Amino acid sequence: MNLNAQIIWQNLNETFPAELLGAFSEDLTLRRPEFFVDESKPMQAGHLYILPSDRFPRHPEFEKGTVLICAGPLPPISRLRDRTGIILLKDRTDPYELMNVVTRIYDKYSNWQHRLSELLETSADLSEMTEITSHLFGNPVMVLDSDFRFLATAGYENLTDSPEAFDAMGSDKLSISALNQFLGSMDLQLENHDPIRVDIGDRSSLSVNLYDRDDYAGSVSVEYRNVPALPGDPALLQFFASYLIRAMRKHSQFMTSDRSLLQRAFTNLINEVPVDSETRRKVMAMNEEKHWVCAVVHPNERLARVPFAYMCAQLEGAFRRCTAFEHHSNIVAVFCADDLPKDPDFRAEVERRLSLMSEDHDIKVGISSDFADPFSARLYYNQAVAALENGTILDPEGSFYYFRYYALAELIINAQNDLPLELYFPDGLKRLFEHDEASATSYVETLRSYLNNNMSVPATSHALHIHRSTLLERLSRIRRELREDLDDPDVRLQMLIVLKALEIREQVLGVGAQT
């Protein structure tokens with residue numbers, strides 16, 4: 001395995017105090033060491049020469065990219081430092097002893113490469129590859145896929161504190177706080193091909209992105225818990241990354257799991273794409289009278305910067321039987337309601353698990369009613385969307401909107417079609433509005449309260465904080481203006497629907513005016 005000047009210097013410095021000077025590349029291009037013995041030939045790029053100072057040639061010729069290990073004072077050759085890397089030992093050292101030490105350094109990394117190659121050709125076991133790499137760095141190492149799930153970790157077993165990187169649910173993905181810091185350190189760029197210094201919690205890490213051709217495939221990170229960061233680490237981690245991506249490609253063919261089958265089915269259903277008969281048969285066989293719930297998550301401004309794949313993984317980790325995917329800039333999650341407690345604890349548990357997506361709990365989620373037929377998923381997706389849209393308007397401070405609480409609002413809004421609301425007003429209601437424009441007493445609000453309280457005089461007078469006789473007198477005038485029989489259930493229903501539609505419109509306009 002070829003090395004670079006930084007790796008050689010940091011290892012050599014443990015035995016022989018030395019300085020690293022001059023110009024050198026971080027690429028792993030340096031071959032094993034050799035003595036410089038033939039002054040008639042130039043020193044070549046990519047070669048590492050051991051050269052005692054007292055044998056330094058008077059007129060050396062060298063190519064750019066040469067690296068020298070010199071023991072003793074360096075001759076004052078100014079152009080040497082501009083084109084050559086120099087590891088300058090502070091004390092005179094036996095050249096043969098120096099050769100043995102440098103050779104052992106190369107053996108150390110060559111053994112690592114040999115073991116990586118051996119694993120790649122046999123099992124391509126990511127965990128074993130990560131384990132031996134953790135030993136090489138002396139620090140924990142983690143490997144993530146493109147969904148920020150852990151593919152392998154090593155070196156965390158004996159730590160006394162809980163790593164900030166791991167998810168609070170104990171699942172197989174990066175925690176949301178760690179991800180935010182990870183992305184923030186990269187300036188939200190997943191196209192960075194250079195090693196990146198990352199701080200997760202109070203720990204410093206080095207991360208390298210993994211790419212399968214041009215597609216982001218994950219990352220590998222070293223967390224500096226035991227040994228400080230060393231100058232040669234970036235090149236070594238990039239070298240390890242090249243083995244990881246080759247091993248990941250060998251694992252790319254997997255049998256279709258239940259989750260992927262459900263995901264494909266639900267994705268097609270919600271996109272109104274026909275589901276083939278074989279998939280239908282398998283889904284029905286898997287369903288076993290399960291009950292499902294559809295949730296539509298609208299990311300807030302902060303969450304919108306997080307990759308959708310990660311948010312989907314968060315949801316799938318929060319619910320045991322769940323499939324999640326991106327749809328129209330939202331996240332759609334379909335999860336099994338049978339795995340959750342029944343009312344009244346159902347809502348609390350759903351909201352607790354959904355809140356794990358966001359540290360500040362500032363998310364907007366529309367939640368459908370439960371359904372038993374998985375092939376009706378599109379209808380219940382529409383429910384969740386309607387709940388999200390109506391809830392965001394009518395209760396902007398809320399986070400979780402259940403369709404059952406917004407069903408009436410959706411029904412009324414849809415029932416209006418393209419006609420203005422005023423065209424649904426009975427003539428008597430128009431007269432009540434005309435009265436209210438010129439009076440401090442609102443007949444419309446009195447009528448609304450009266451109908452909402454099932455035409456109960458005591459309940460209405462209590463709600464309006466007025467005396468019973470005052471209410472009776474007001475109701476008498478309202479009936480004269482309405483000229484409608486409020487004892488007729490159809491009349492009452494029309495009045496209630498129109499007044500509810502008016503209330504919804506007032507709420508919408510009120511929100512609109514504020515924004």
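This is a predicted model: local features need pLDDT of at least 70, side-chain atom pairs count only at pLDDT 80 or more; totals for chains, interfaces and linings use all residues.
## Reading the elements

## From helix H16 into helix H17

Arg483 sits in the loop that runs between helix H16 (468–482) and H17, and this residue counts as exposed because its relative accessibility is 63%, where exposed means over 50%. Although Arg483 is a residue other than glycine, its phi is positive, near 55°.

A negative surface patch brings together Glu484, Asp485, Asp487, Asp488 and Asp490. Of these residues, Asp490 belongs to helix H17, which covers residues 489–514, and Asp490 is exposed, with a relative accessible area of 60%.

His328, found in the loop between strand S12 (322–327) and strand S13 (330–336), is not a glycine and yet has a positive phi of about 55°. Most residues other than glycine have a negative phi. His328 counts as exposed, at 63% relative accessibility.

## Buried parts

Phe36 lies in the loop joining strand S2 (33–35) to strand S3 (48–52), and with a relative accessible area of 14% Phe36 is buried. Although 14 residues separate Phe36 from Ile50 in sequence, their C-alpha atoms are 6.4 Å apart in space.

Helix H6, spanning residues 233–250, is mostly covered, with 13 of its 18 residues buried. From its first C-alpha to its last, helix H6 reaches 26 Å, close to the 26 Å expected at 1.5 Å a residue.

Methods. Residues are numbered from 1 along each chain as its sequence is written. Side-chain values use heavy atoms; hydrogens and water are left out. Patches are made of residues with over 30% relative accessible area and no salt bridge: like charges are joined within 9 Å, nonpolar side chains (Val, Leu, Ile, Met, Phe, Trp, Tyr) within 5 Å. Accessible areas come from the Shrake-Rupley method with a 1.4 Å probe; for residues, only the protein chains shown count as cover. A salt bridge is a side-chain nitrogen of Lys or Arg within 4 Å of a carboxyl oxygen of Asp or Glu. Lys and Arg count as positive and Asp and Glu as negative; His and the chain ends are not counted. The place of a charge is taken as NZ of Lys, CZ of Arg, CG of Asp or CD of Glu. Helices (H or I, at least four residues) and strands (E, at least two) are DSSP runs, numbered from the N terminus. Buried means under 20% relative accessible area, exposed over 50%, partly exposed in between (1.4 Å probe, protein chains only). The expected span of a helix is 1.5 Å times one less than its number of residues.
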